[in-house]
Every structure is written in C-alpha cells, then in structure tokens.
Amino acid sequence: MSPLATRPGIPVAALAVVAGGVAAALHIGKLPPAVPALQASLGIGLVQAGFLLSLVQVAGMSLGLGVGLMADAIGLRRSMLAGLALLAVASAAGGGVGVWVDDPAQAFAWLLALRALEGVGFLLAVMPGPGLIRAVAPVGADKAAIGLWGAYMPLGVALALLVGPALIAQSGWPGWWCALAAASACAAVWVALAVPADGARVRVASVGSAEGWGVRLRDTLSAGGPWTLALAFAVYSSQWIAVIGFLPAIYVDAGVPSGWNAALTALAAALNIIGNVVGGRLLQQGLPPVRLLRWGFVAMALASVAAFLRIGAPETAWSLPPALRYLAVCLFSLGGGMVPATLFMLSVRLAPGPATVSTTVGMMQQASSFGQFVAPPVVAWLAHRMGGWQWTWIVTLSCSLAGLGLAARLARPVSRRGTA
C-alpha cells in the first residue's frame, strides 16, 4: 500500500484555523481594490493611501515579539478568537465611518485609527496559527496543514482583490468593510466550534516555560538565527505587499479595464500560494533550504526588473510588452512564495530551543510588519516623484539582494544543524 494511502487527512479543526488566518488576511488585501473609491470619496492622495495600506502593520511592528512570548500563556485559541472579534468590530466601525462621517478629513483620521486597531486584531489572529495547527493536527498531517497555513496570506489577499471590486461597485467601500467584518465573525464562530479549548495546552505550556519569559526573550534576541530569519522575512514581505498592493492602481494608470484589473491582480496574488506549496514539497524532498531561499529571491529580483524597467526618455521609453510584464509579475509572486515556506520551516530549527519557537516566529512577524509598513509609502512616494511606477524595480531589487545576503548568512547555521 502506498504511504499516501495511510496518511491522515487534515482535520476540520486545522482547516478552521487556516480559515481564521485567511479571514484575517482579507483585511490586509481589502485596501488595494478600495483605493480608487477612497480617493474619490475622501480626496486622499497616493501617499496617504500607502499609509492606509501599511498602517495595519503597526501592531506587528510593536507587539509581534511580545505576542509570541505570551501566546502560550494566554491561550492560542483565545488569542485567535480575540483577534477575529477585534477585526470584525474595527472593520464594521470603519464601514460606519464611511456612512455617518461627512467631513473627509475626519473620516480619513478615523480610518487611520481603526486601521491600526485592525493591525492588533490581525496579529492576535495569525500569531497562534502554527501552534494551534501543531496541537490539533495528527502526526502525518501536520506538515500538510502547516504548508496550507503558509498560504493564508496570499489566499486572503487574492480573495479580497477578486471579490472586492464587485462589492465596492455594488455597495461602496463602506459595504466592503462591513462584508469583511461579517467574514471575520463567521471565521471566529467556526474556530470556536471546531478547535478544542485552550486549558490543557495552556497548562503544558506553563510547565514547559518555567524558565520564564525573560530567559526566552534573552535567548532569542542573543541568537543569530532568529535575527537573520526575521530580516529575511522583512525584505520578502515588504516587496511582495508593495507590488501586489499597488497593482490595481498601476493597472488603472495603464488603462486596464476594471474587470480585467481585479482578475489579473487576484491571479498574481494567488500564484504565491502555489509557490508556498511547491516550496514545502521541495523541502520535504530534501532540497537544501538555503538553495530554495536563493531561488526565491533571484526570481523576485529578475521578475520585478522585467516588469517595471523602462529604458529611455518617457515619451519613447522601451519596456517589455504588457503581456510579458504581467507574466513577470506572476513569476515575482510565484517564485517569492518559496521564501515564506522555507522561513517557517527554518524557524523551528534555528530557534534557540523548543521553548522559543513562538518567540522566534513573533520576531519574524515583527520584522515582516515593519517591512510591510515602510515599503508601500516608499514605493508610492517614488512613483509620485518619478511620475509613474517605472522605478519600482529599484526597491524590489534592493530587497532581493539583501535577501540573498541573508540566505548566505543562513548557510553555515543550516549546515551545522542538518537539513529540513
């Protein structure tokens, strides 16, 4: 009998956790399709839209490491439920702002504040994901479930990019905000019904963490592996969200019809899911993790240059035909998907010890959030100053080169501690 025939399937509880992550990621992806509507109704500029897109990452920048330390103590299930509830409330309130606040400046200020609150909810919802899946998935299904979890972000963003334009056209951006509030509430109900209570896991975690959070924090911050992983996650996620997040605006500037705009952007984002799955499979087959990281960053570098580079004067500038430029964006997202799959697997091996895995993941999330906060405004500012998106490749190429350097730093620790 084939080993695949006896391998257990992914349990419903793990699928509920993944659904919670996807529901949270919808709030990351809800801004890009709404940017034109927000600009029309509130009169905001491109740079302001960039800050609105990235402000959700404020909580991750400031609280990622702390949540990683405390997740086991407060309960992983409780953390995800609290995060989904907070996302539902903040998004519903944002929809209310669009309906009840008449002053555009005041409405934008409220949206900024609520966007930061959504960042807290997002962090509470997604940080416990890997730990919850490890707790509810049986041996033999845990790797498949963790691989599925690695795709929660591109899946949520792709769904938002695909569904958002139709809902915004029908009910405006406030209706879109309220629809995602309902999605978060539904995901919270599924998690509450399908995932076992935290009690036993919290007691086990307390015994395993008797050395105290201070020691775990010191061990994590003093080790080189978590720092390298965190920086690699930052340079990956910052360029991915900057390119995918502004694709709708790029297409509008290029005159792409709105119907094609949504479908093309969603497809580009969804290809990142395939990259995650392929990366996990290659790692299971024994491909060295550092080699996979290099492949991912090289693909992102070459593809972004091909997609955005224009040579010559603005009136007569040469660039690849639109179809090839779009294929390059797809390759950027597809190849980049191998990076997070590899980094999540390395986080288990390069954490200073078993008690610091959640802390290491929290450190990665914090660095990733910082990159996602900084990159969209930088790319938007560059596009504003240069009169177009043709210099975006400078940002992405710089991030990819930094990623290759960090992969080289990981080579020696990885070789000492074995293969994934």
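**View 1. Six cavities of 30 Å³ or more are found in this predicted model.** On a 1 Å grid over the protein atoms alone, a cavity is a set of points where a 1.4 Å probe fits but cannot get out; points are joined across faces, edges and corners, and a volume is the space filled by probe spheres set on them. The largest cavity has a volume of about 300 Å³. Its lining (residues with an atom within 4 Å of a point) counts 24 residues, and Tyr-152, Met-153, Phe-233, Phe-344 and Ser-368 lie nearest the centre. Among the elements that give two or more residues to this lining are α10 (152-194) and α13; helices are DSSP runs (H or I, at least four residues), numbered from the N terminus.

This is a predicted model, where local features need pLDDT of at least 70 and side-chain atom pairs count only at pLDDT 80 or more, while totals for chains, interfaces and linings use all residues. Residues are numbered from 1 along each chain as its sequence is written, and side-chain values use heavy atoms, with hydrogens and water left out.

**View 2. Phe-233 and Tyr-236 form a tilted aromatic pair.** Three aromatic pairs (ring centres within 6.5 Å, with the six-membered ring used for Trp; planes under 30 degrees apart are stacked, over 60 edge-to-face, the rest tilted) occur in the structure. Here the rings stand 6.4 Å apart, centre to centre, with 40° between the planes. Both residues belong to helix α13 (residues 224-245), three residues apart, about one turn of the helix.

**View 3. Phe-233 and Tyr-236 are both buried.** Phe-233 has a relative accessible area of 10%, and Tyr-236 has 5%. Buried means under 20%, exposed over 50% and partly exposed in between, with a 1.4 Å probe and protein chains only.

Technical notes
1 Å grid on protein atoms, 1.4 Å probe; cavity = no way out; pocket = protein on both sides within 12 Å on 5 of 7 lines; lining within 4 Å.
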